[in-house]
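Thanks for taking a look at this one with me. Please open the structure and keep it beside you as you read.

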Amino acid sequence: MDGAATGLVTHSRLFTLPKAGKTEAEYEDAAVVDDATGIYVVADGASDSVFAGLWAQLVAQRFADGLPAASDAQSWRDWLQPAQTAWQTTVHADPLPWYVEPKIRQGAFATCVALILRPAATPGGLGHWGVVAVGDSCLFQISGAHNGTPASRSPAAGGFPISNPAEFGTNPLALCSNPEYNEVVWPHLAHTSGTWQPGDLFILASDAMAHWIMQELVPVGAWDRLLPLLDAADDTAFRALVAAEWDNGLLRNDDLTLLMIRVVSAEDTAVPSQPVTTAAGAS
Amino acid sequence: MPYSTQITRQDPTCFLLLIDQSESMLDPFGVAHVQKTKAEGAADAVNRVLENLLLRCTKGPNDIRDYFYVGAVGYGPGVVPVLTTPDQEPDELPRLIPMSQLPDLVIKLEVRRKQQLDGAGGILTVEEPFPIYVEPVAANGTPMCQALQVGYEIIEAWCKDHPNSFPPTVINITDGEASDGSPLISAQALRGLATNDGNTLLFNCHLSSNPAPAIIFSDTDQYLVDDYARQLFMMSSILPESFQQAAATQGYRVNNRTRGFAFNADLVDLVKFLDVGTRPANMR
């Protein structure tokens with residue numbers, strides 16, 4: 001997928017795969033790819049919750065629609081509320097059996113990572129990016145200028161918001177369709193920002209894929225295992241890679257989402273480049 | 001590492017509940033401000049475990065995933081199946097039932113009130129359906145050894161059919177006064193049954209008339225009030241490492257000597273320790 005708007009030219013590819021043993025319809029991650037606006041989101045519906053795939057889609061779309069204007073907890077509560085209303089409306093569209101109601105009250109949960117790219121002010125100059133994340137969906141930045149090695153000064157070089165594979169577990173914080181359960185989330189919204197150069201690669205991944213990248217690629221800079229996927233004709237190579245790593249026991253059996261974005265060039269004289277404000281860090 | 005196999009529909013695990021239904025369960029339950037018999041306390045504990053197992057497997061309307069199979073055996077007026085499907089034969093071993101069939105076995109739905117935060121600083125009272133699968137029964141002696149032996153037969157067959165699954169869990173809910181001998185040997189035999197992922201977990205829930213403070217997941221028997229409690233503590237499996245981590249996440253203070261034992265409390269939180277997928281830290 002290629003896109004160009006506000007001077008940002010990107011080449012992006014999205015790969016998805018349900019957990020082995022699940023059907024395509026049971027896949028509960030979600031992604032938004034908007035090359036036109038430079039917004040990219042991966043959300044991962046928590047499998048222990050109900051209607052989690054729907055919630056992941058709504059959360060991803062909410063990020064794509066824009067971030068809150070302010071960074072306080074109330075602004076984030078208000079920002080998420082339309083997605084919560086949409087989830088409630090959808091799940092109650094038909095009568096529910098008694099055993100589903102307690103689970104509906106518990107709500108659906110999703111981790112997420114949202115990347116915003118902004119173009120450089122001058123051709124060949126530095127562009128800016130910002131990221132907001134909840135839980136263990138992660139962003140990686142790989143510098144094209146360093147022959148595929150992680151951008152050493154990037155806060156996402158080894159993974160963001162997690163950079164230690166040991167920190168992955170089965171109990172991440174996650175955004176919930178039930179407002180009650182988000183109160184502990186708002187103080188822990190992770191956010192950071194940085195710069196990019198033409199040729200840089202950004203990767204957004206749900207937890208199992210992110211863990212594998214952090215464990216198998218980051219320490220040895222083995223990005224050549226993923227880079228060919230950017231130009232692959234279809235997802236055959238991705239599926240083969242996943243199957244091999246599942247067999248090797250190196251990749252956890254879970255829904256998988258891998259979103260790769262290469263910034264091809266940054267030519268925009270109309271829009272001055274500014275650091276990206278992610279409006280996170282609620283308290 | 002043992003006890004690390006993912007629980008999936010392809011490799012489900014099982015829960016077997018052994019319920020003391022002897023006459024002594026008519027005695028009052030020793031929890032302050034709770035006016036009920038131990039039999040009522042046992043039925044409540046079983047119904048809550050079943051409710052939580054079903055909750056974990058529910059993904060939507062007509063979408064209950066068979067991560068767990070569950071069975072229940074009562075002991076008192078004989079050793080009898082308690083959760084039964086219509087096709088259960090009288091002489092057949094109690095069956096382990098897939099979770100998707102559990103809603104069909106509800107005897108009645110009670111309405112219980114629960115308070116919860118509304119997300120805007122207020123408190124809401126909500127009414128929730130509470131499914132009753134098991135009702136209080138109390139009669140005759142306490143053939144706990146026999147119940148553990150029936151449990152052995154059920155679990156032995158399960159392990160044979162599911163060698164690669166997460167090991168079975170057996171929860172014995174009792175006042176501890178076995179009338180057919182010492183249950184230690186039968187308990188040891190049951191704990192000896194294994195899948196490739198580890199030994200069967202036997203946990204005990206001791207319901208007593210003694211109003212001593214409730215204990216859950218203890219690493220010592222020194223605060224237990226009587227020999228029945230100490231015996232049940234000894235019969236209980238040590239929590240596997242994966243359960244210890246999950247218990248710590250839930251706020252329990254546990255270590256590598258902590259056993260799956262409760263005194264005048266239920267073990268419903270055990271259900272939350274099982275890994276059937278991502279369970280967010282802020283989920284309650």
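This is a predicted model: local features need pLDDT of at least 70, side-chain atom pairs count only at pLDDT 80 or more; totals for chains, interfaces and linings use all residues.

1. Residues are numbered from 1 along each chain as its sequence is written, and chains are lettered from A and ligands numbered from 1 in the order in which they are written.

2. Let us start with chain A, which has 5 helices and 11 strands (DSSP runs numbered from the N terminus: H or I of at least four residues for helices, E of at least two for strands). Of its 283 residues, 49% are buried, that is, 20 or more other C-beta atoms, placed from the backbone, lie within 10 Å of their own.

3. Next, see where the chains touch: 31 residues of chain B and 30 residues of chain A take part in the contact (C-beta atoms, placed from the backbone, within 7 Å). On the chain B side, helix 1 (38-57), strand 2 (58-60), strand 7 (108-117) and strand 8 (123-132) each supply at least two residues.

4. Finally, turn to a helix pair in chain B. Helix 2 (residues 144-161) and helix 3 (residues 184-192) of chain B pack at an angle of about 15°, with axes 9 Å apart (axes are lines fitted to C-alpha atoms over the stretch in contact, and angles run from 0 to 180 degrees between N-to-C directions). Helix 2 and helix 3 of chain B are therefore roughly parallel, the term for angles under 35 degrees. Residues making this contact include B:L148 and B:Y152 of helix 2 and B:A187 and B:L190 of helix 3.

Methods:
Angles under 35 degrees count as roughly parallel, over 145 as roughly antiparallel, 65 to 115 as roughly perpendicular and the rest as oblique. Two residues are in contact if their C-beta atoms, placed from the backbone, lie within 7 Å. A residue is buried if 20 or more other C-beta atoms lie within 10 Å of its own, exposed if 12 or fewer, and partly exposed in between; C-beta atoms are placed from the backbone.
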